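This report describes a predicted model.

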Amino acid sequence: MCPYLKCNRLIKIAFTACWAMLLSTVCYASSLCPIPPEEGKSVRKGLGKRLFQKSMRHELNLYGGALATDLMGTSPLAGIAYGFHFNEDFALELGFAYTAHDPVLSKSIEGFTGYDLIKRHDARMYSGNLLFHPIHGKFMFFDMSVLHFDLYLLAGIGSTDSHYDKGLTYNLGAGMKVFLNSWMSLRLEVRNIIHSQQLLSTEVISHDLSLTAGVGFWIPTSSIDPLDQ
């Protein structure tokens with residue numbers, strides 16, 4: 001097996017294991033934590049009601065990271081996404097991402113055949129995704145502040161504009177949002193990107209893995225509790 005392909009597969013296994021450990025830790029912690037009161041002030045930090053509200057708000061995200069593929073190797077990835085939250089659980093998001101591929105197999109194939117069959121190229125990815133936030137929580141940061149977070153799942157469809165891609169692109173993923181204040185959040189996401197590629201007169205289905213981190217800006221900037229309206 002090509003060492004580059006083996007390395008990419010090890011990266012994918014490591015990403016999957018990290019997310020499995022994160023989800024299991026959250027599920028275990030949720031079974032031990034007391035249920036926070038919905039009203040009034042609490043003696044201990046972290047037991048007050050949820051302050052950050054997503055319902056009927058717009059979210060603009062800027063992010064960057066890495067894209068690991070079987071055929072093209074690992075490439076840097078940057079993008080922007082706009083989302084609208086219908087309520088605390090569901091949101092619709094439109095995204096654009098850009099990457100530049102420098103195929104790991106191109107030099108080996110060129111050295112063996114004398115032809116540059118897999119050219120260096122860039123790719124532009126467009127997507128529309130539905131986000132589901134099933135888990136809402138909070139954690140204390142060194143006894144200084146209490147930060148709220150959401151764990152979410154996403155699924156969607158789009159297209160990839162590149163020299164080798166054809167047809168539709170499908171997205172499946174999971175992520176975490178940490179809310180710093182009423183108008184800013186941090187985001188960590190892993191995504192499986194499924195698409196068809198035409199390579200050397202053969203059509204193959206590629207499962208790419210992206211790992212990104214970004215910052216989100218929320219509009220309106222004030223967080224309004226629906227119970228207070």
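The sections below treat the model and its conventions, the barrel, and the aromatic rings.

## Basis of the model

The model is predicted: local features need pLDDT of at least 70 and side-chain atom pairs pLDDT 80 or more, while totals for chains, interfaces and linings use all residues. Residues are numbered from 1 along each chain as its sequence is written, and side-chain values use heavy atoms, without hydrogens and water.

## Barrel

Eight strands form a closed barrel in the order β1-β2-β3-β4-β5-β6-β7-β8, with antiparallel pairing. Neighbouring strands of this sheet are turned by 25° against each other on average, direction ignored. Strands are DSSP runs of E with at least two residues, numbered from the N terminus, and two of them pair if DSSP finds at least two bridges between them.

Strand β4 (residues 121-141) pairs with strand β5 (residues 145-161) in the antiparallel sense over 16 bridges. Ile135 has Leu151 in β5 as its bridge partner.

## Aromatic rings

Eight aromatic pairs are found in the whole structure. Rings of Phe, Tyr and Trp (its six-membered ring) pair if their centres lie within 6.5 Å; planes under 30 degrees apart count as stacked, over 60 as edge-to-face and the rest as tilted. Phe84 and Phe86 form an edge-to-face pair, at 5.3 Å centre to centre and 85° between the planes. The pair of Phe96 and Tyr126 is tilted, with 5.3 Å between centres and 45° between planes. Phe96 lies in strand β3 (residues 90-101) and Tyr126 in strand β4, 30 residues apart.

Phe52, Phe179 and Trp218 form one aromatic cluster.

Conventions. Helix = DSSP H or I, 4+ residues; strand = E, 2+ residues; numbered from the N terminus. Axes fitted to C-alpha atoms, helices over the stretch in contact; angles between N-to-C directions.
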